[in-house]
Amino acid sequence: MAIQATDRLARAGLRPTRQRVALAKLLFDGHDRHVTAEQLHGEASTADMRVSLATVYNTLHQFTEAGLLREVVVEAGRSYFDTNVSDHHHFFFEGNGHLIDIPGDALAVSGLPDAPAGTRVARVDVIIRLSDGA
C-alpha cells in the first residue's frame, strides 16, 4: 500500500502544507519517475492547482533536501527530479531528454581517487548519455 502524501511529508520532517501535499500526490501516487519542475508545474495546472513555477522549484528542492527525491543534473541548467531515491544510475537519451534507471548493482565503479582530507564519498552518480544510432 502506498504511503499517503501527508504521512510521507511528516516522516521527512516537512510540514504538510496544502501545496506540498498536492505536489507530493502528483509526484508519489504511482510508479517511480523522473520529472522536471516545468513538467510538474504543467501537471499541477492541468489538475487545477494554483501554484507558481517558483513554488514548484522550491518544493522540489525541499523534497530533495528531505531525502524524498534525488536531483539528476544532466547538464547546466537542466535537472530532473527522481522519485526513486535508492542506489541507482541513469541512461540519458540526449535526443528526447528521457531518463531510464540503471540498477545500482548493474554498474561497478572502480579506481575512485581518495576523497580530500576530512571528507568522504557520499554517492557516485553515473549518467550514461545515449544518442541515436546513426
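Colleague: Happy to start with a side-chain pair: which residue's side chain makes a polar contact with the side chain of Ser 79?

Modeller: Keep in mind that this is a predicted model. Ser 79 sits in strand β3, which covers residues 78-82. Leaving aside residues up to four places away in sequence, Ser 79 touches several residues, including Thr 36 and Val 72. The side-chain polar contact, at 2.8 Å, is with Glu 71.

Colleague: Thanks! In the open sheet of three strands, what is the strand order?

Modeller: Strands of a sheet pair through backbone hydrogen bonds, either parallel or antiparallel. Here the pairing is antiparallel, and the order is β1-β3-β2. Because β1 (34-35) and β2 (70-75) each have a single partner strand, one side of each is left without a neighbour in the sheet. The strands at the edges are therefore β1 and β2, and the order reads β1-β3-β2.

Colleague: And which residue in β3 is the bridge partner of His 34?

Modeller: β1 and β3 pair in the antiparallel sense, over two bridges. For His 34, the bridge partner in β3 is Asp 82.

Colleague: One more, please: is Val 109 buried, partly exposed or exposed?

Modeller: Val 109 lies in the loop between β5 (98-103) and β6 (127-130). Together with Leu 112 and Val 121, Val 109 forms a nonpolar patch on the surface, with about 250 Å² of accessible area for the three together. Buried would mean under 20% relative accessible area and exposed over 50%. The value for Val 109 is 41%, so Val 109 is partly exposed.

Conventions. Residues numbered from 1 in each chain as written. Predicted model: local features only at pLDDT ≥ 70, side-chain atom pairs only at ≥ 80, totals over all residues. Heavy atoms only, no water. Helix = DSSP H or I, 4+ residues; strand = E, 2+ residues; numbered from the N terminus. Polar contact = N/O pair within 3.5 Å; in protein donor to acceptor, adjacent residues only side chain to side chain. Contact = heavy atoms within 4.5 Å. Pairing = 2+ DSSP bridges. Patch = residues over 30% accessible without salt bridge, like charges linked within 9 Å, V, L, I, M, F, W, Y side chains within 5 Å. Areas by Shrake-Rupley, 256 points an atom, 1.4 Å probe, with all protein chains shown as cover. Salt bridge = Lys/Arg side-chain N within 4 Å of Asp/Glu carboxyl O. Buried < 20%, exposed > 50% of the residue type's maximum accessible area, 1.4 Å probe, protein only.
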